[in-house]
Structure formats: structure tokens, C-alpha cells
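Visitor: I would like to learn how to read the local features of a model such as this one. Could we take them one at a time?

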Amino acid sequence: MVDKLAGVSRRKVLGAMVAGAAYGLPSLVSAQTERRDLPVPPKTASAQALARDEGFWKEIAGYYDRTQGIVNLEHGYWGKMAHPVQNAFIDATRMVNAQNSFYARKDYSDDARLSVHRVAQALGVHDDEIVITRNASEAIHNLIRQYKGLTPKDAVLYADLDYPSFKDTMVWLKGAYGVNTVEVTLPQRATQAEILGRYLDAFDANPNLKLMLITHVSNQHGLVVPVSDIAAEAKSRGIDVICDSAQSWGLLDYKISDLNVDWAGFNLHKWIGSPIGVGALYMKRGTLAKVAPYPGESDPENSRASTRVHMATSNFASIITIPNAIDFHEAIGAANKEARLRHLRQLWTNEAEAMGHIELLGGLDEESWTGMGSFRLQAKNTVADARDLQQRLENDFGIFTVIRVGLASGSCVRITPQVFTSENEISMLIDAMKKLS
Ligand SMILES: Cc1ncc(COP(=O)(O)O)c(C=O)c1O
């Protein structure tokens with residue numbers, strides 16, 4: 001957070017603070033997390049070697065409070081703040097609450113600008129291409145709903161592995177504009193080449209496609225979609241692309257330029273580890289004309305991405321804690337995080353490959369996998385089957401997971417470790433899976 005002491009309101013805050021802690025005001029929150037509060041990975045180790053270093057990841061686990069009473073392998077919902085981030089958030093919450101409108105009306109916009117800057121830097125884009133949102137849903141819903149110029153002659157495309165609410169919003173376009181909807185269905189397990197092939201087939205079969213939704217990492221089974229290749233082909237056919245990167249940023253190590261898309265939605269409260277209530281919208285410079293401002297907002301030059309969202313009163317403390325979350329994320333190292341999470345997933349999927357009673361879902365080649373994966377019992381793909389499996393894991397083995405519903409191949413249970421998950425906890429999952437036969 002930026003220095004709260006420039007300007008009148010900041011001087012007054014300082015005055016109150018210097019006068020004593022009697023007012024219960026927090027200490028000033030700093031823009032950057034103190035170096036000594038951040039983890040320091042050994043410089044000599046490659047990400048792959050570090051991924052297997054239980055000692056290092058045990059140190060990382062020490063930065064987090066643990067879920068009590070269960071082995072929690074459902075970390076795809078939202079991330080968890082590490083202690084330095086949580087402390088910054090608590091300080092920020094106390095400061096915002098104490099200073100109230102005096103802070104929000106005078107100094108908040110500078111702090112929010114710094115947060116935008118840190119997001120833009122981390123994603124490798126310009127500050128004016130990033131808008132902070134409350135979550136990825138806000139970013140993606142606005143892109144879909146505010147996309148201009150659809151007519152009944154057009155078609156829009158999504159896939160079975162897309163986020164359910166976004167599929168529904170794509171279908172909503174049919175009622176709103178009379179467009180046709182096209183759903184790509186992917187095999188239960190797929191390689192990058194097969195996924196690309198399915199999208200290309202759909203492009204060939206539907207020459208009137210105008211807009212598509214694409215998901216970088218599916219919430220269903222962590223499958224990585226080759227966004228860059230698909231987007232290049234879509235653009236060459238005049239199809240506009242909205243990319244859902246809600247689950248991928250921080251789970252994978254990449255920059256926006258790797259995706260080759262003009263519009264995307266992100267979450268910081270998943271794998272970047274910010275407080276809940278922070279997402280981001282990316283809109284590339286020069287591409288705003290096709291997406292209307294939020295109703296009531298005005299942007300005659302189509303140059304202000306911020307007009308595509310209306311944030312109103314939001315969680316100021318969450319937003320000004322973004323720099324601290326990015327500090328912690330970058331201190332571990334994005335490549336180190338990705339490698340560790342892949343390693344943990346590989347431990348159980350390698351064993352599961354040999355279990356005749358288990359069906360794995362997701363990637364067939366390593367490029368198509370992330371740290372997140374899903375499985376079901378052989379031929380048990382109904383919602384009731386998945387619910388039963390989730391309950392058995394929870395009640396009989398003390399392992400918490402979540403069911404996923406929406407894939408063409410049926411329902412499943414998703415396994416999502418975090419950077420604080422140990423190999424030992426994955427061994428408990430493997431033992432449970434063996435006993436599920
Ligand atoms: C792929 C994907 N898209 C979108 C979302 C929605 O995220 P949020 O609820 O934070 O908007 C999720 C959440 O799990 C997701 O996994």
C-alpha cells in the first residue's frame with residue numbers, strides 16, 4: 001500500500017497515530033511486505049528439483065493456518081492468505097474501518113492504482129489494460145454481456161469444460177440476440193493436439209461463429225486448453241475470444257502474451273493468495289470498441305477499460321492488500337509453485353493410472369495437466385455417484401474434496417492440493433483410492 005502520509009488526511013492519520021495507540025489505530029501498512037517476512041527459495045535448485053524438497057515446502061506450509069479436522073484437498077475454490085498477507089489485510093481492514101470515508105475519498109484511489117500496477121506488472125501488460133474486479137465472474141460476465149453487435153445470423157461457442165455460470169451466460173446470448181450456440185465437447189482425457197482439433201472442427205462446421213469463450217484451465221479437472229493456438233486460429237477467422245483465466249493464474253506460470261488473447265478475466269483470490277473479493281479484467285489497448293461500457297458509463301474514445309466495470313463501494317482492504325499477495329506469490333516463485341503443484345498431482349495420478357477401478361479425467365500429456373485433477377470410479381459418472389464418492393472420501397478416509405458437474409463425460413471428484421499440502425497427505429489419498437475398489 002502506498003504511504004498514507006502524503007496530503008492532509010494522511011498528516012492527520014499520522015498525528016493520531018503519533019498521539020498514541022490509545023485510539024486503537026493500526027500501525028501503518030506498508031506497500032511492500034518486509035523482506036524478512038517472505039520465504040527465500042534456494043537459488044541453486046531448479047523448480048523441478050525444489051518441487052521434491054519436502055523440507056522447503058514444509059517451511060512454506062509454516063506460513064499458513066491449516067484446515068482443522070480433515071485433510072483438505074479442495075483448494076480450487078479460493079486460495080488461502082499466507083500469514084504476511086493476512087496480517088497486511090487485517091491491518092488494512094482496521095485502517096479502512098478507522099479512517100472510513102476520510103481514507104476512501106482521499107487516498108484510496110492512489111493505493112488502488114498501485115494495486116492495478118502490480119497486477120499489470122505481474123501479468124506483463126500496461127496498467128490501463130487492467131481493471132480490478134470483485135472476482136473473475138464479474139470480469140467475464142461483463143465481457144459476455146457487453147459484447148456488441150451480435151445478430152441472429154451469428155453463432156457463439158463454448159465448451160463442456162467451461163465454468164457453468166459462463167456457459168449459462170453464453171446461452172443467455174441466444175435469448176438476448178437470437179444467436180446460435182455451439183458447444184464443443186472434449187474427450188474425458190485429451191492431449192493438447194486433440195483439444196485443438198476439437199475446436200478447429202467446430203470452427204470448420206460453424207463459419208458464422210462471431211464470439212467464443214475459452215477456458216485456460218478448467219474448473220472441472222484442471223485440464224489446460226491450448227489457448228494461444230486456438231485463439232490464433234479463431235482470430236484468423238474473425239472470431240472474438242473471451243478467455244477465462246480464473247483458475248490458471250498462479251496455478252500456472254505465464255504472462256498474458258502467452259495466451260494471445262485480447263480479453264481475459266482473472267482471479268487473485270485463488271492462486272495468487274489475495275484476500276477474497278479480488279479479480280481482474282484484462283482488455284488489450286485498441287480492442288475496446290467491441291465491448292460496450294457498463295450501462296450508464298461513458299467512453300466515447302473507447303480508451304478506458306475501467307468503464308467496462310462499475311465497482312461502486314467494494315472491499316477497499318482486499319484491494320489494497322494486492323501488492324502484499326503478489327509479493328508473497330513472487331517470493332515463492334511462480335515457476336516453483338507450478339512445479340510443486342504438478343509434482344503433488346503426479347504422485348497420485350501416476351498411482352491411479354494403474355488402478356483398474358479408477359477413471360482419471362483431464363490431461364493425457366503433461367502440457368494438458370496442472371496441479372489440479374479429477375477422478376471417478378469406473379463407469380460411475382452420475383451426480384449421485386460423484387456425491388457418494390466425495391462422501392466416502394470425507395467420512396471413511398478424512399479427505400475433503402468436491403464434486404464437479406458439467407462435463408459431457410459425466411460427474412467426478414476434484415483433487416486440488418495447495419503449496420502447503422505435503423507428500424504425506426497425498427499418500428493418504430492414494431491409500432484411500434486403493435481401498436475404494
Ligand atoms: C475456471 C473458472 N472460471 C471462473 C470461476 C469463477 O470464479 P469467481 O467465483 O471467483 O468469480 C472459477 C471458480 O472456481 C473457475 O474455476
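Guide: We begin with the naming of elements: helices (H or I, at least four residues) and strands (E, at least two) are DSSP runs, numbered from the N terminus. In these terms M311 lies in the loop between β9 (279–283) and α10 (316–320). This is a predicted model, in which local features need pLDDT of at least 70 and side-chain atom pairs count only at pLDDT 80 or more, while totals for chains, interfaces and linings use all residues. Residues are numbered from 1 along each chain as its sequence is written, and side-chain values use heavy atoms, with hydrogens and water left out.

Visitor: Is M311 buried or exposed?

Guide: Buried means under 20% relative accessible area, exposed over 50%, and partly exposed in between, with a 1.4 Å probe and protein chains only. M311 has a relative accessible area of 16% and is therefore buried. Contact means heavy atoms within 4.5 Å, and, not counting residues up to four places away in sequence, M311 touches I132, T133, R134, E138 and I319.

Visitor: Which residue other than glycine has a positive phi near 50°?

Guide: One of them is N302, with phi near 50°; N302 is found in the loop between β9 and α10 and is partly exposed, at a relative accessible area of 24%. A312, also not a glycine, has a positive phi of about 50°; A312 lies in that loop between β9 and α10 and counts as exposed because its relative accessibility is 54%.

Visitor: At what angle do α8 and α9 pack?

Guide: Two packed helices are described by the angle between their axes and the distance between the axes. Here axes are lines fitted to C-alpha atoms, for helices over the stretch in contact, and angles run from 0 to 180 degrees between N-to-C directions. Helix α8 and helix α9 (residues 227–236) pack at about 15°, with axes 10 Å apart. Angles under 35 degrees count as roughly parallel, over 145 as roughly antiparallel, 65 to 115 as roughly perpendicular and the rest as oblique, and α8 and α9 are therefore roughly parallel to each other.

Visitor: Which residues of α8 meet α9?

Guide: I195, L196, Y199, L200 and F203 in α8 meet D229, I230, E233 and A234 in α9.

Visitor: Where is Q192 found?

Guide: Q192 is found in helix α8 (residues 192–205), and it counts as buried because its relative accessibility is 18%. Among the residues that Q192 touches are V224, P226 and D365, not counting residues up to four places away in sequence.
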